[in-house]
Amino acid sequence: MAATPVPASSAVRTLIPARIDRLPWSRFHTRMVVALGVAWILDGLEITVASAVADTLTKPETLHMSSAAVGLLATIYLAGEVVGALFFGSLSDKLGRRNLFMLTLAVYLVGSGLTALTLGNGAGWVLFLYATRFVAGMGIGGEYAAINSAIDELIPARYRGRVDIAVNGTYWAGAVLGTIGTYILLNRMDLSLGWRLGFLIGPILGLIILFVRRHLPESPRWQIMHGKADAAEESISQIEQEVEHAGRSLPAVDESKAIEVIPAERIGYVALARVLFRDYPSRAILGASLMISQSFLYNAIFFTYTLVLGKFYGVPSAATPIYLIAFAIGNLVGPFTIGHLFDTLGRRTMLAGTYLVSGALLAVTAVLFYTGSLNAITQTIAWCVIFFFASAGASAGYLTVSEIFPLEVRAKAIAVFFAIAQCFGALGPVIYGALIGAGDHPVRLFIGYLLGAVIMIAGGLVARFLAVDAEGKSLEEIAQPLSAAGRKGRTRAEGASSPFST
C-alpha cells in the first residue's frame, strides 16, 4: 500500500506506539534483533582484524608499510565512523530506518570488501587502502545511528533495555570471531593471502544478513511521525500478523495511550543542538558523560592491551590472541548476564552501579599493578572482572542516548554522541601508548589507570543524579515526540528524573 503523506496542518490520532509495546516476544523480534544486531559484531570484527594484521602489513611479503602508516589505518577507520554516523544519522531521521540500515550495510560491504583488493604497496595503493578503510568505517558509523533507532522503536518497552544492551554487547562476539579467524588465517596460510581473507570475514557475514534485512519492515513509529499513516498501518499490521501466525495472542490495545501527532518538518543539526541543550540539557550532559567515559576507557585499554602484555609481562606477540579472547569473553558475558537488571532494578541504579564498580575495580587493579602483584594471567583476569561490569555499562550508554530524545531526532542524537565519544576516545590510545613507552616506568601507567578510574567514577556519579528512569516506559512517555499535538517543552519524565532540571 502506498504511503499517504498527511498535511502538516492536520493532527493524526494513533495507537501505533501502544500496539508495538503490547506485543509479546515472537520470532519476528528474534529475527529483527539478529538481522540488525550484526552491526556490532561487524564493528568488533573489523577493529580486531585490523589490529591483528597490523604487524603483518609491515612485512615485505605483504604491503611493507611503516608502523606509523599502519597505525594511521585505525585513525582513518575511526574518522570514517564519525563521518558516517553524522551523515547517515541525519539521513535516517529524514528517509527512514529501513532505507538506511540497508544502505549503511551496503556501504560497509563495499569498503571492507575492497580493502582485500589492495594489490600493491605503492603510494596509489596505500591511498586506496586508506580510502577503503574510511568507507568501511562510514558504513559501520551509519549502522550505529540507524540500527539503534530501529531496534528501540520496534522492541516492546518491557524488553527494550535488556535487548539493546545484549545487542550492543555482541561487539565482543565480533572481537572473538575476528581474533580466532585472523589467528588461523595468519598462521595457516601465506601472509599475503591471509590478511586479505581476514578482511573478507565481515563482508561474507554482512552479505548474508543483507538478504535477511530485506524482509524487515520500516519503523511504524517513524512512519506515523512523518505523516505516512497508511504505510505505518501496513507495517504494524504486518508485524502483528507475523506474531499471530506464530501462535501468540495479542492483548487488547489500551485506548488511553493514543497520541495525536502533527508531522514535523525536517530538523537539522543546528535545530538538534537547540533541542538538546534547550529542552533536554540534563539529558545532553548525561549522554555525553556516559559516552565519553566509556569510550575513553575502552580505547585506552583495548588498543594498548597487547603492549602491556609484551612490555611489562614479556608475553610474545604470537600468544597475545589467547589473552585477547579471554578479555573479549569477559566483555561479552556482562551484558548477557546482567542486562536484564536494567529493566528490573532500573536504569539509574544499574548505570551508576556498573560505572562506579568498574572504576573502583580499575583503581584497585592499578595499585596491584604498581606493586608488582600481577602477572599476565592475573592481569587478564582482573580486566575480565572489570569489563564484565564496564561492558554492560557501556552498552547501556548507547541504550540511554537512543531512548531519551524525541523520535524525530533520535538517529542524529545517537550520531552526535557517538561522534563526541569517538573523538575523546581517540585520545586514549595516544595517551596510554605514551605512558607505556618501553615498559620501564610502571608508575606512569599506574597514574594512567587511576585517570581512567576517575573518569569512569565521574560517569557513574553523573548517572546517579541525571539518569532517566526509562525502564518499562514507552519511548513517547520518555520523550514526547516533537510532532505531538500540543507539545510544550520537555516531558514530565525529565523533570521527574533529574533534580537538576530547570
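Student: Which side chains meet in a salt bridge with 2.8 Å from N to O?

Tutor: A salt bridge is read from a side-chain nitrogen of Lys or Arg within 4 Å of a carboxyl oxygen of Asp or Glu. In this predicted model, the side chains of Arg-160 and Glu-403 meet in this way, at 2.8 Å from N to O. The pair links distant parts of the chain, since Arg-160 sits in helix H6 and Glu-403 in helix H17, 243 residues apart.

Student: Is Arg-160 buried or exposed, and what about Glu-403?

Tutor: Buried means under 20% relative accessible area. Arg-160 has 1% relative accessibility and therefore counts as buried, and Glu-403, with a relative accessible area of 2%, is buried too.

Student: Where do Asp-469 and Arg-348, another salt-bridge pair, lie in the chain?

Tutor: The closest N and O atoms of Asp-469 and Arg-348 are 3.3 Å apart. Asp-469 lies in the loop between helix H20 and helix H21, whereas Arg-348 lies in helix H16, so the pair ties together parts that are 121 residues apart in sequence. Asp-469 is partly exposed, with a relative accessible area of 23%, while Arg-348, at 14%, is buried.

Notes: Residues numbered from 1 in each chain as written. Predicted model: local features only at pLDDT ≥ 70, side-chain atom pairs only at ≥ 80, totals over all residues. Heavy atoms only, no water. Helix = DSSP H or I, 4+ residues; strand = E, 2+ residues; numbered from the N terminus. Buried < 20%, exposed > 50% of the residue type's maximum accessible area, 1.4 Å probe, protein only.
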